[in-house]
Structures are given as C-alpha cells and as structure tokens.
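Here's a quick walk through the charged pairs and the chain contact in this one. Have the viewer open as you read.

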Amino acid sequence: MVGLLSWLWLLPLAGALAVVLLPSRWAYLSRWGTLVLTLVQLILVVGWVLPAVGTGTLLGPTPATPMPVALYETTPWLRLNLGSLGTLAADYALGVDGANGLLLLLHTLLMPIAVGASWHEGRRPRTYFALLQLLNATVVGCFLAFDFLLFYLFFEVMLLPMFFLIGGWGGERRAYAALKFFLYTLLGSVAMLVVVVGLPFAQAGVHSTTYQALADPALRAPGAFYATPYGQQVGFVLLLVGFAIKLPAVPLHTWLPDAHVEASTPISVLLAGVLLKAGGYGLVRVAYGFFPAAGQALGFWVALVGVVGIVYGSLVALAQTDFKRLVAYSSVGHMGYVLLGAASGTALGLSGALYQLFAHGLVTAALFLLVGVVYDRVHSRQISAFGGLWQRLPRYTAVVALAFFAGLALPGTVSFVAELLVLMGAFGATTDVPLWLAALALAGVVLAAVYFLWAFQRMFLGPWRLAGGADWEARLTDLSPREHLLLWPLAGLILLFGLWPALGLGPITAWVAAFFEASQTLLAP
Amino acid sequence: MGDFLAQLAPDLALLAPELVLLGGICLLLLVELGLGRRRPGLVWALALGVVLADGVALALQLAQGAHVVLSGTLRVAPATTYLKLLAAGAALLWLWAAPESKLLKTRGTGAGEAWVLSLGLLWGVQLLVQAQNLVLVYLALELVSICSYVLVAYSRSPGPSAEAATKYLLYGGFTSALMLYGFSLLFGLSGSLQLTPEGYTAAPAMQLGVATGLALSGALFKLAAAPLHFWAPDVYSGAPTWVVGLLATLPKIGAMGFLYHLAVGLAPGLGATWPVLLTGVILLSLVLGNLLALQQTHFLRLLAYSSVSQAGFLLLGPALNTPTGWAAAFFYTGVYVVLQLGAVAAASYYERRSGTLVFEQWRGLGRAGWGWALALGITLVGLVGLPPTAGFTGKLTLLLPLWSAYTTTGAGLYLVLLVGAVVFTVVGLAYYLKPLWALAQGGGEGGTDAFIPKLALVVALTAGVTLALGLSGFDRLTGWLAQHLG
C-alpha cells in the first residue's frame with residue numbers, strides 16, 4: 001500500500017517516464033501534462049498534507065520527548081550485514097512535520113510556476129520536461145525523507161537533472177557553469193557521505209539510519225567516535241561543509257552566480273527557490289538535529305560565516321552591472337540569515353531561519369522571473385542598458401517594486417518577518433554569538449536596501465532610455481497574461497505571509513519548541 | 001591406476017565446469033580446423049553453447065560448500081564460484097554481442113580462432129580464481145595473458161593493434177618474471193607451493209614483505225593498478241573494441257580471486273604490512289588514473305585510465321582483509337564488470353554509427369537514439385559512483401568497513417584511504433560525463449542510422465542491473481558473500 005507521501009514523488013517520476021516516451025508530434029502534451037501533474041501535487045499538498053502537519057505518529061529520541069510526524073510511512077529497505085560490526089538498517093521512511101511542511105509547500109508552489117515560465121521552451125521540450133519532473137521527484141523525496149540514507153540518496157540524485165537542465169538549456173558558458181555546479185555540490189555531498197557512513201556505528205548490533213534512531217542518545221555512548229565532543233564537532237563540520245556549499249555560504253558560494261546567470265529563467269527559479277532550501281533544511285534537520293552540542297559549541301563560527309555571507313554577498317551585489325548576477329548575489333546574502341538564525345541557539349532564531357528559507361524562496365523566485373521578463377524580450381540583462389522603464393511598463397514596474405521591497409525586507413512582506421525573527425534570535429543568542437556580530441548583520445539589511453533601490457532607480461525611474469534603441473522599444477511590451485499569472489500569485493503570497501505570518505509560523509514554532517526539548521537529551525555531556 | 005582414478009573422481013566432479021569448458025575448447029579447436037572456413041557461424045554458436053553449459057554447471061556448484069581438491073591446489077568455494085559465474089556470464093553476454101562490433105561486422109568473424117582464444121581466456125580466469133598453489137596460479141595467469149596478447153593483435157593490422165599487442169606482451173612478460181621471482185622467494189620462505197597461512201607465520205617480516213610485493217605484481221598488472229598500468233591505454237585503444245570488452249572484465253575477475261588467495265595465505269604472516277603495501281598502490285592508482293583521464297578524448301583510452309582509478313577502488317577491499325571488506329570487493333567487482341560491459345557495448349554502437357571512438361565526434365548522435373545515450377549515461381554515472389546506481393552502493397559497501405576499521409584500530413591509514421576514495425570519486429565526475437556531454441550536443445553529421453539489437457540488449461541489461469542493484473538487493477548479496485568469505 002503506497003501512502004500519500006510516496007505518491008507525491010512517484011507521480012512526477014511516472015510523469016517523467018511518460019513524457020520521455022511521447023512521440024514527437026505530441027510533444028506539446030509534455031508541457032500540459034507537466035503542468036497538470038504539478039497542479040495535482042499542489043492540490044494534494046495544500047488539501048491533504050499540510051492540514052495534517054502537527055498531528056500523526058509521535059517519534060522522538062525518548063518516549064518523554066515526542067515530536068509529531070504526520071502521514072508517516074515506513075518500510076524496511078536495506079539490511080546490510082557488516083559481519084562483526086552488526087547490521088546497517090536503512091528504512092524507506094517518509095513523513096511531514098513543521099520543519100519540512102512549509103518547504104514542501106514552497107516547492108509545489110514553484111513547480112507549476114516554473115512550468116509556466118518554460119511554456120515556450122522550443123528546444124527539445126520532451127527531454128526538458130522529463131528532466132524537470134525528475135528534479136521535482138527527487139526534491140520532494142529529499143524533503144520528505146525521514147531516513148538519513150534515503151535523504152542522502154535523494155540529495156545526490158537531485159544534482160543530475162539540474163546539471164543537465166543547466167547544461168542543456170542554458171546560456172553561452174553553460175557547460176562550465178553546469179560542471180562547476182555539479183563538482184562543487186558533489187564535493188559537499190561526499191563530505192556528508194563520510195558522516196552517513198560513520199554515524200550509525202557506535203556499538204555492535206543493528207544500526208538504523210532513520211532520523212529517530214540517529215537522534216538516540218545511546219549512539220553517543222562512551223566508546224563511540226561521536227561520543228566525544230571532538231568527534232561530534234568533526235561530524236558537525238563535515239555536515240556543515242556539505243550543506244554550506246548548497247546554501248550557499250561564503251566562501252563556498254562561487255558556483256552560484258555562474259550557475260544562475262547561465263541557467264534559463266525557470267531553472268534559476270527552481271535552483272534558487274528550491275534547491276538551495278534543501279541545503280538549509282538539511283542543515284537544520286541533520287546537522288543541528290544529530291549534533292546539537294557541536295552546534296552550540298561552534299555557534300560563534302557558524303554565525304560568523306553567516307554574517308560574512310550577508311555582508312559580503314550584499315557588497316558584491318552592490319557592484320554588479322548584470323541584473324541577474326545582482327539577484328544571485330542577493331541570494332547569497334539572504335542565505336546568510338539562515339546560518340545566523342540556526343547558530344543563535346534560540347527558538348526565535350531557528351524559527352526565523354526556517355521561515356527565511358520559505359520567505360527567500362518566494363522572493364527570489366519572483367526576482368528571477370522578473371529578470372527573465374526583460375531578458376526574454378531583448379536578451380540583455382545589463383542594468384545600465386535600461387532607464388525609465390516605468391513609463392511604458394507600469395505593471396512590470398509595480399511587481400518589480402514589490403519584489404524589491406520584499407528583497408530588502410520591508411515590513412508587510414514575508415522576508416521582514418523572517419529576518420526580524422533571525423535578528424531577534426541573534427541578539428538574544430544563548431550560544432557565544434557576540435552582540436557586534438548580530439549588529440553587523442543589520443548592515444546587511446541596509447545594504448540590501450541600497451543595492452535594490454539603486455538598481456530600481458537606475459532601471460525603472462528617470463527618463464526613458466534604452467541601449468538598443470528603436471528595435472528594443474518595439475519588443476519591450478508590458479507583462480503578458482501568462483506572466484501576470486505567474487507573478488501575481490507570488491506577489492500575493494509574499495504579502496499574505498508577511499501580513500499574516502501565523503499561517504506559516506504556527507507549525508514551525510511548534511516544531512522548533514519540540515526540537516529544542518528533544519535535543520536536550522543530546523546536549524547532556 | 002584404478003584406485004587413483006577412483007580417488008580423483010570426486011575431485012573431478014567438483015571441477016565439472018572447468019572440464020566442460022576444457023572439453024568444449026578442444027571440440028571447438030577441432031570443429032574450427034575442419035569447418036571453420038565454411039561455417040564460421042557454427043564455431044561461434046558452439047562457443048556460446050559451451051559457455052552456457054559451463055555457466056549451468058557453475059550455478060549447480062553454488063549450492064555445494066567449500067572443498068579443497070586436487071591435493072589442496074584448488075579451492076572450490078561459493079564465493080569463488082560467484083566470481084566464476086560472473087566471468088562466465090560476462091563472457092556469454094559479450095561473445096553473443098561481439099559479432100556486432102565494427103571490426104567483426106566489416107571483416108567477418110574469421111575462422112573462429114577468436115572464440116577459441118576467448119574461451120581459453122575464460123578457462124584461465126576460472127582456474128585463477130580458485131588456485132591455491134603457486135604453480136597453478138602461474139599457469140592460469142599465463143593462460144589468461146597469452147590468450148589476451150593474441151586477441152589484442154587479432155585485427156592483424158599494422159599500427160595500433162600490433163603496437164598494443166607488443167606492449168602488452170613485453171609488459172606482461174616483465175611482470176610475470178617479477179611475479180615468478182616473488183613466487184620463488186615465497187617457496188623458499190615456506191618450503192611449500194601452497195598459499196596457506198601455516199607456511200608463512202614463521203617467515204621474517206621484511207623478506208615476506210618483499211616476496212609478497214613481487215608476487216602481487218601479477219595481480220596488479222591484470223587490474224591495471226599503478227605503477228603497472230602503462231599497458232592499459234594503448235591496449236584499450238589499440239585492440240579491437242570487442243576484445244576490450246573481454247579484457248576489461250575477465251582478467252580483473254581473475255585478479256581479484258588471485259588477490260583473495262594471496263591474502264588468505266600471506267596476510268596473516270605480514271600483519272600490518274599488508275594494508276601498507278596495498279595503500280601505496282591504491283593512492284597511486286587513484287591519483288594517476290584520475291588526473292590522466294581528465295585529458296582524454298578517445299573513449300576507450302578514457303575507459304583505460306578510468307580502470308586504473310577503479311583498480312584503486314577495487315583494491316580497497318583487499319587492503320582491509322576482513323570478510324565484509326572482501327564481500328564489498330567482490331560485489332564491486334561484479335558491479336564494475338557490468339558497468340564495463342555496458343560502456344564498451346555503447347562504445348561499439350557509437351563506433352559503428354560514426355566510425356570513430358573519439359567522443360568529440362559523436363556530436364549530435366545522442367539526439368536521435370536517446371535510449372543509447374540514456375543507457376550510456378546510467379553506466380557512466382555508475383562508474384562515477386552516484387546514486388541511484390550500483391556504483392554508489394558498491395562504493396558505500398566499500399567505505400563502511402573502511403570507517404569501522406579506522407574507528408576500531410585507530411590507524412590513520414584507513415582514514416587516508418577513505419578520504420582519498422571520496423575525493424577522487426568527485427574528480428571522476430569531471431571526465432566521466434564528457435562523452436555524455438558530446439552526445440547531447442547538437443550539430444555534427446548524423447552518422448549512419450543503425451539499430452543494433454544485440455548491443456541494445458547488452459546496454460539495456462547492464463543499465464537495468466545497475467539501477468536495480470543501486471536501489472535494493474545489494475545488501476542481500478553482500479551479506480551472502482560475507483558469510484562465505486569469513
């Protein structure tokens with residue numbers, strides 16, 4: 001009996017297969033089929049999966065610290081006999097709770113939007129939509145997995161379709177960008193593999209890799225490698241490196257600008273909106289979930305990396321002349337808040353970090369779509385090539401304004417709530433995050449305002465000016481109905497979750513509270 | 001005489017597969033002499049029949065336990081029968097598909113000596129994986145080598161093929177001499193030709209180490225492990241493609257079996273020196289194989305250098321010398337053979353379509369026949385070691401015992417191996433995807449349109465097995481192997 005959560009990733013997989021087998025004269029069905037499938041996924045998530053969050057099976061390291069996991073399904077999968085070392089038991093376990101629920105919603109929201117943005121993809125559409133569905137399936141599996149080996153499997157397989165999507169449908173330097181993306185993130189993944197390999201072994205017996213089993217304090221029994229603070233910090237740093245590459249955190253971020261600039265618009269939307277979030281989610285769930293003591297001990301360093309990312313990312317964004325690169329570096333800057341929030345060791349900070357993943361996903365998706373609007377028309381992304389766009393493209397300017405204000409965390413937008421929570425957590429940090437570090441993060445907010453508003457002023461305000469002259473004038477039309485359909489829902493959600501944050505924050509804060517209680521058992525020396 | 005035969009009979013019953021194969025080779029030789037020119041297809045069909053019979057006999061042998069036969073010179077055990085089955089299966093599949101390769105298609109399959117030589121190669125491998133006696137090991141290894149040398153020169157054309165065969169012969173001869181010297185030292189140290197630990201426990205450590213190092217050279221040569229890898233690129237690119245399919249698979253299986261017997265006999269006496277010996281080879285193979293593969297433009301040359309780095313991975317299990325380590329090594333050997341078959345079959349196909357093995361010139365070929373590109377993609381991803389392929393699960397089963405060895409013994413050696421293995425897995429990505437990239441590009445001439453059913457089946461089968469073993473089932477296989485390798 002296949003549960004609802006399994007259907008969520010099996011459906012896109014079947015869809016990929018179906019699309020690839022379509023004969024060429026029915027190639028147009030590939031985009032319609034994909035759209036229908038992603039909308040079905042969205043309906044399933046909003047109607048059945050999300051309402052169940054906060055209920056369901058109680059799992060936890062000890063019976064006294066239960067954490068509800070909704071729609072939990074588990075079957076035994078692997079029993080690897082390792083002789084005198086015992087047996088490695090991996091289960092096929094899926095579940096949804098406060099940590100991954102909102103991210104699942106984000107993904108299923110962005111998928112139909114990405115399909116809509118790919119509507120006029122004329123280059124090998126069947127392969128394109130098949131790869132998109134494969135990406136869809138693996139990302140859903142990654143978020144839903146409740147077993148470390150299963151999570152790792154999905155996390156790695158995610159890289160393959162993204163590599164081909166960037167490399168096959170991207171810009172001029174797509175081969176370089178795609179390979180750099182793959183190599184960088186694979187390096188992070190193998191760092192994680194070392195921990196996958198080592199974590200279940202503390203003593204002879206059956207070693208399970210389910211999240212529940214890995215949070216068991218008995219794994220830290222004396223004699224195990226991960227019993228000592230040193231061992232735990234090694235494990236934490238390895239996991240941190242793996243996820244920091246994906247997040248991305250400075251200085252492991254250099255793959256991101258190239259990948260974004262060379263990828264086509266819908267692929268950028270998915271890369272920034274969903275794939276990066278898998279890194280942040282993994283950081284919270286896996287790194288902080290299995291090694292909270294190490295997370296506490298290394299709080300200062302993680303926060304430092306986060307704040308450096310915020311400030312550096314924002315400063316570099318300020319220097320950009322390419323619109324898409326500016327948005328890419330703003331992504332780097334915004335993901336720094338996730339690290340800062342997680343490092344603070346407070347419920348506020350961690351909730352903020354998780355909410356920032358959701359918020360940033362919405363905002364950055366909107367920003368990349370908006371970049372794509374101009375690029376689709378005149379094939380230029382240079383900020384200096386445009387001026388006074390508000391005069392002929394008022395609706396476009398309106399959405400851009402909203403997205404930019406969301407990017408700089410204006411109150412009323414979803415990113416304001418997220419960044420506020422992170423900063424409140426950072427200022428009240430229980431780990432050794434100094435006040436000056438948290439204050440430096442505030443500079444990031446100011447810098448974001450600077451680069452976004454400056455770009456807005458140069459491109460949209462002032463006199464009408466185009467580098468391409470009359471040819472560009474003819475092509476620069478305002479938003480088409482399809483683009484309206486893609487952008488306004490995003491804009492609406494940015495405002496909705498900004499003005500009514502309890503909608504999204506409810507499950508997150510409940511989970512974070514239970515998480516802190518449960519990790520107390522792991523913080524005991 | 002009568003009771004000698006009576007004593008021999010139960011042993012011969014256990015050697016049934018080898019006897020079937022031997023009888024088949026003799027029969028084939030006679031048929032080929034008589035009918036080879038007129039009915040070359042007959043020789044080929046007979047060869048397939050012989051391998052099939054051999055495979056059936058091997059499958060029946062799996063159920064029997066471990067036995068030592070022929071005065072202790074051969075050891076028939078389920079784990080080595082697994083290796084023999086692997087070899088027979090690979091040979092059967094490949095010999096069935098081989099006539100579709102470019103050389104045999106254009107020039108015909110000849111009088112059938114190719115099949116006799118291939119069966120000889122298989123017979124040598126089957127003998128090698130179960131030999132416990134130094135002389136028998138040498139005999140089997142030479143049989144494998146000589147058949148390989150002649151097969152490499154099979155196209156009889158001057159140029160790359162002859163050069164490759166000469167290089168292979170010279171390197172092989174040199175390595176055989178080294179190995180024989182090692183064997184003579186081993187005989188001197190133990191007074192016996194048997195590879196059993198009792199003879200070597202009293203041997204002085206340094207001399208045993210030197211002798212082992214020399215004796216290992218035979219196995220390392222066949223595996224194409226550095227520094228005995230220099231033959232690989234020239235042989236892979238110079239030999240006819242269908243011969244590469246045999247060379248990339250069968251000798252490696254034989255080498256793994258040989259290593260197993262060496263380890264059983266010599267490692268107890270060597271203690272900590274055994275992993276150290278192999279670690280140097282592993283690291284060198286990983287470094288050289290990966291770095292040199294990055295610059296290759298010819299598909300089979302790329303495969304050759306990649307096999308140097310894969311030899312590094314294959315040697316991880318022997319370096320550990322624990323039942324789980326060996327089980328993982330044998331499993332990874334199986335995965336490796338499957339992946340190599342798929343890669344060479346796909347290369348054969350693209351060679352037929354475009355006339356060249358330089359994959360930059362395969363541009364555009366991926367568009368029309370996307371199934372081939374997909375299957376080759378799965379194979380290449382498997383060679384990198386990414387999920388959801390068996391390449392990943394193979395590497396996982398190798399890394400798990402490495403980590404445990406590190407945490408239980410604390411020897412930094414194992415950590416170095418672990419880190420090296422994962423880092424070079426990442427490096428491998430950079431070159432394994434190059435042929436796939438070229439296939440996915442547009443432009444280029446379409447090449448001759450051809451759907452080759454036999455090669456398609458091989459490629460589809462290997463891709464399917466790679467995916468199946470990547471998701472489940474491998475835990476049962478490694479568990480079974482570990483049980484029998486204890």
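How many salt bridges does a search of the whole structure find over all chains? The total comes to 17. Keep in mind that this is a predicted model, scoring ipTM 0.87 and pTM 0.91.

**Confidence in chain B**

Chain B has a mean pLDDT of 89, with 98% of its residues at 70 or more. Within chain B, helix α14 (residues 299-314) has the highest confidence, at 95, while helix α17 (residues 365-368) has the lowest, at a mean of 76.

**Salt bridges**

| Pair | N to O distance |
|---|---|
| A:R79 and A:D91 | 3.1 Å |
| B:K84 and B:E18 | 3.5 Å |
| B:R363 and B:E360 | 3.2 Å |

Start with A:R79 and A:D91, whose closest N and O atoms are 3.1 Å apart. This pair links distant parts of the chain: A:R79 sits in strand β2 (residues 67-81) of chain A and A:D91 in strand β3 (residues 87-96) of chain A, 12 residues apart.

Over in chain B, B:K84 forms a salt bridge with B:E18. B:K84 belongs to helix α4 (residues 78-97) of chain B and B:E18 to helix α2 (residues 16-35) of chain B, so their bridge ties together parts that are 66 residues apart in sequence. Are these two buried or exposed? Both B:K84 and B:E18 are buried.

The side chains of B:R363 and B:E360 also meet in a salt bridge. Here B:R363 is partly exposed, at 31% relative accessibility, and B:E360 is partly exposed too, with a relative accessible area of 36%.

**Where the chains meet**

Now for the contact between the chains. It takes 36 residues from chain A and 30 residues from chain B. Together the two chains bury about 3200 Å², and 84% of that is on carbon and sulfur atoms. On the chain B side, B:L400, B:W403 and B:W437 lose the most area to chain A, together 20% of what that side buries.

How many salt bridges does the rule find across the interface of chain B and chain A? The answer is zero. As for polar contact, the count between chain B and chain A is two residue pairs, both at pLDDT 80 or more.

Several helices of chain B each supply at least two residues to the side that touches chain A: α18 (370-384), α19 (390-409), α20 (412-432), α21 (434-440) and α23 (474-484). The largest share of that side, eight residues, comes from α19(B). Sorted by class, the side of chain B that touches chain A has 20 nonpolar, eight polar and two charged residues.

**One histidine to look at**

Back in chain A, A:H360 is found in helix α15 (residues 347-378) of chain A. A:H360 is buried, since its relative accessible area is 4% and the cut-off for buried is under 20%. Leaving out residues up to four places away in sequence, A:H360 touches A:A272, A:K277, A:S331, A:H334, A:M335 and A:A365.

Terms used. Residues numbered from 1 in each chain as written. Chains lettered and ligands numbered in written order. Heavy atoms only, no water. pLDDT = per-residue confidence, 0-100. Helix = DSSP H or I, 4+ residues; strand = E, 2+ residues; numbered from the N terminus. Salt bridge = Lys/Arg side-chain N within 4 Å of Asp/Glu carboxyl O. Buried < 20%, exposed > 50% of the residue type's maximum accessible area, 1.4 Å probe, protein only. Contact = heavy atoms within 4.5 Å. Buried area = accessible area lost by both parts, 1.4 Å probe. Polar contact = N/O pair within 3.5 Å; in protein donor to acceptor, adjacent residues only side chain to side chain. Nonpolar A, V, L, I, M, F, W, Y, C, P; charged D, E, K, R; others polar.
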